[in-house]
Amino acid sequence: MPPLSFSPEIEAARRDRLPIVALESTIITHGMPWPQNYDMARQVEADIRAAGAVPATIAVMGGSIQIGLTDVHLRDLAQARDVMKLSRADLAVALATGRIGATTVAATMICAALAGIEVFATGGIGGVHRGAETSFDISADLQELAQTPVTVVAAGAKAILDLPKTLEVLETYGVPVIAFGQDALPAFWSRDSGLTAPLRLDHAHDIAASHRMRRALGLPGGQLVANPIPQADEIPAATLAPLIAQAIAEAEAQGIAAKSVTPFLLARIFELTEGASLDANLALVRNNARLGAEIAIALARPALA
Ligand code: PSU
Ligand code: MN
């Protein structure tokens with residue numbers, strides 16, 4: 001039996017069969033600074049409740065996978081130091097040794113699936129890093145999407161990644177990449193990456209229907225829904241490009257590698273944009289949470305026909 005532990009709110013939601021949306025915790029511990037990380041986590045949970053679903057932030061604590069964090073847990077996690085960043089490879093070690101761990105997209109998908117949660121909202125997923133042809137840095141998030149049946153709502157991937165290569169890998173793995181409400185693949189802080197998304201859907205109920213259809217077909221894996229940042233919150237790609245290039249150059253010069261690359265780049269970009277990127281990040285996570293709630297609600301309804 002996997003060591004799952006449910007918050008009282010999630011315990012009740014499971015009993016009453018309410019729609020639940022999973023949320024990751026690496027965005028809290030490694031993706032944003034204190035105290036904005038805590039405020040973001042609370043706000044996003046409130047958005048999901050306001051939309052009629054129940055938020056389940058997931059983390060590893062005390063040898064258990066916590067599904068749903070109480071306010072005390074959330075506050076502790078948001079300020080904790082030496083939190084492990086958990087992907088598929090690290091999850092069992094962290095649990096077996098009682099470490100505190102934050103779940104990435106990959107680990108959150110695994111934990112959500114174990115808890116029977118089918119929808120997960122976040123900011124951005126990991127992907128193929130620029131220069132992956134020499135570094136081999138490809139996020140485990142992509143393989144997880146290929147094997148774990150959770151629909152993940154993100155705002156596309158950051159320009160710190162190589163987006164064309166990320167799309168190629170997802171295609172190879174058989175992961176549907178679905179732009180929501182537009183043809184273009186969104187690029188996190190910008191609505192348009194300049195690439196056309198492989199698939200487009202305009203309604204949450206269609207995303208829920210295709211989630212169900214994958215299950216009916218016996219296909220493993222999930223779906224990636226790329227939801228564009230609201231227009232009012234967008235930062236033009238041209239404004240960010242030189243700052244991203246600078247952050248990547250600094251990471252290389254300092255020999256940042258493996259798990260540290262993404263957190264380093266995120267933190268540097270926040271500093272270089274003097275917080276503007278953090279405001280945009282909050283807006284897009286909230287937007288993804290609302291869509292995640294709609295999809296979870298559509299999934300909770302019995303399928304029509
Ligand atoms: N991209 C973001 N924000 C994030 C992350 C990625 O825009 O917070 C986090 C997510 O938890 C994601 C992880 O699963 O980083 C990917 O890390 P890596 O590139 O080391 O696989
Ligand atoms: Mn990596």
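I began with ligand 1: of the 16 residues around ligand 1, the nearest are Glu24, Lys85, Ser139, Lys158 and Thr262. I note here that the model is predicted.

I then looked up polar contacts to ligand 1. The side chain of Glu24 has an N or O atom 2.6 Å from an oxygen atom of ligand 1. For Lys85, I read 2.7 Å between a polar side-chain atom and an oxygen atom of the ligand. Asp141 also places a side-chain N or O atom 2.7 Å from an oxygen atom of ligand 1.

**Helix pair α3 and α13**

I took the angle and the distance between the axes, because two packed helices are described by these. Helix α3 covers residues 36-50 and helix α13 covers residues 276-300; their axes come within 9 Å and cross at roughly 25°. Angles under 35 degrees count as roughly parallel, so I logged α3 as roughly parallel to α13. The crossing in which α3 passes α13 is right-handed.

I listed the residues in contact. From α3 they are Gln36, Met40, Gln43, Val44, Asp47 and Ile48. From α13 they are Leu278, Leu282, Val285, Arg286, Ala289, Arg290 and Ala293. Sorted by class, this contact of α3 with α13 holds 8 nonpolar, 2 polar and 3 charged residues.

**Helix pair α11 and α12**

Next I looked up helix α11 (residues 237-253) against helix α12 (residues 261-272). Their axes are 9 Å apart, and the packing angle is about 135°. I logged α11 as oblique to α12 on that account. I found the crossing of α11 and α12 to be right-handed.

On the α11 side, the contact is made by Leu243, Ile244, Gln246, Ala247, Ile248, Glu250 and Ala251. On the α12 side, I noted Phe264, Leu265, Arg268, Ile269 and Leu272. The residues of the contact of α11 with α12 come to 9 nonpolar, 1 polar and 2 charged.

**Backbone**

I checked the backbone for exceptions, because most residues other than glycine have a negative phi and most peptide bonds are trans.

I found a cis peptide bond from Trp34 to Pro35, with omega near 0°. Pro35 sits in the loop between α2 (26-29) and α3.

I also found a positive phi, near 65°, at Phe136, which is a residue other than glycine. Phe136 is in the loop between α7 (132-135) and α8 (140-147).

Key:
Residues numbered from 1 in each chain as written. Chains lettered and ligands numbered in written order. Predicted model: local features only at pLDDT ≥ 70, side-chain atom pairs only at ≥ 80, totals over all residues. Heavy atoms only, no water. Axes fitted to C-alpha atoms, helices over the stretch in contact; angles between N-to-C directions. Helix = DSSP H or I, 4+ residues; strand = E, 2+ residues; numbered from the N terminus. Parallel < 35°, antiparallel > 145°, perpendicular 65-115°, else oblique. Left-handed = near helix turned anticlockwise from the far one by under 90°. Contact = heavy atoms within 4.5 Å. Nonpolar A, V, L, I, M, F, W, Y, C, P; charged D, E, K, R; others polar. Near = heavy atom within 4 Å. Polar contact = N/O pair within 3.5 Å; in protein donor to acceptor, adjacent residues only side chain to side chain.
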